[in-house]
Amino acid sequence: MGRTRLVVTGAVVAVSGVLVGGRMLLTRQAAIARRRIGKPLGEDSLDADRVWRRSFDGEPIELLLLGDSLAAGLGAAKRKETLGGRLAKGLGLRMHRPVRLRTAAVVGSESPDLDGQLDALPDDARVHVAVIVVGGNDVTHRLPVAVSASHLNTAIARLRERGAEVVVGTCPDLGALRAVPQPLRRLASSLSRRLADVQAETARHAGAEPVDLRRAIGPLFFDEPDEMFSLDRFHPSALGYRRTAEALLPAVCRAADTALSSRRPSQPA
């Protein structure tokens, strides 16, 4: 009996040592990744808020972007290259309507910050379509998935109460970040995939349409990192934002069509 206890105690100590050593390794690698990435782009994205496609007739479609630096467009050199600018241009062209872009997304945001972004909107702000892209910072800051999902669900519900149709771009695969060393990169990839799956399920249950960015554009970021990432190797380049917008645009157009159809006056029989 004593020998059994000794063996078990030794095993527990060994496992504990491995876990502690693993945490220390991941902590060191996280510090390395932060140094490699740095903040060469600063923390302020370009202001792309305006009416796009003004040459088209009709009242503008009201497009709102919520979320983190990807939604805010950090890394784009021109406002037309931001995610919001590209979505607004593409939506206007397909719907033959002007589009008024409003960007509430803030660089560095996590899912719990969605509440504050919505609180900052004017009470009378009209929203036809809202696009939410958030999650990368949830992973890097080790936010519990259940917390992320809860705040996403609340944000979608609040937008739906405003009469908006909602599109959710799920968390990209952070395994594409080559500035992050292994095995931390594999862990980040696994965690971001898990979060993306939960976000998709949450979005569907809340009445929003999810777009799986990992499957839609992930291979491009893995295979063409020099072209798809900006100079910090973390945020998308102009081409990266273009491909991301192309992945989101079909869902955004469907959302706009639904929103506009529901607001049209009924035709007499």
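Strand E2 (residues 61-67) and strand E4 (residues 129-133) run parallel and are joined by five bridges, where strands (E, at least two residues) and helices (H or I, at least four residues) are DSSP runs numbered from the N terminus. Within this pairing, Leu-66 stands opposite Ile-132 in E4. The model is a predicted one, in which local features need pLDDT of at least 70 and side-chain atom pairs count only at pLDDT 80 or more, while totals for chains, interfaces and linings use all residues. Residues are numbered from 1 along each chain as its sequence is written, and side-chain values use heavy atoms, with hydrogens and water left out.

The two strands belong to an open sheet of six strands with mixed pairing, in the order E1-E3-E2-E4-E5-E6, two strands being paired if DSSP finds at least two bridges between them. The edges are formed by strand E1 (51-52) and strand E6 (209-211), each of which has a single partner strand, so one side of each is left without a neighbour in the sheet. The secondary structure of the chain comes to ten helices and six strands. Among the helices, H7 (residues 184-206) has 23 residues and reaches 32 Å from its first C-alpha to its last, close to the 33 Å expected at 1.5 Å a residue, the expected span being 1.5 Å times one less than the number of residues. Gly-207, with a positive phi near 95°, follows H7.

Buried residues (under 20% relative accessible area, with exposed over 50% and partly exposed in between, for a 1.4 Å probe and protein chains only) make up 46% of the 269 residues in the chain. Three of them are listed here.

| Buried residue | Relative accessible area |
|---|---|
| Phe-221 | 8% |
| Phe-229 | 9% |
| Glu-165 | 18% |

Glu-165 is found in strand E5 (residues 165-169). Leaving aside neighbours within four places in sequence, Glu-165 is in contact (heavy atoms within 4.5 Å) with residues including His-128, Val-129, Arg-160 and Thr-258. The side chains of Glu-165 and Arg-160 are joined by a polar contact of 3.2 Å.

A search of the whole structure finds one aromatic pair. The rings of Phe-221 and Phe-229 have their centres 5.0 Å apart and their planes at 70°, so the pair is edge-to-face; rings of Phe, Tyr and Trp (its six-membered ring) pair if their centres lie within 6.5 Å, and planes under 30 degrees apart count as stacked, over 60 as edge-to-face and the rest as tilted.

Note on methods
A polar contact is a pair of N or O atoms within 3.5 Å; within protein, one must be able to donate a hydrogen and the other to accept it, and residues adjacent in sequence count only if both atoms are side-chain atoms.
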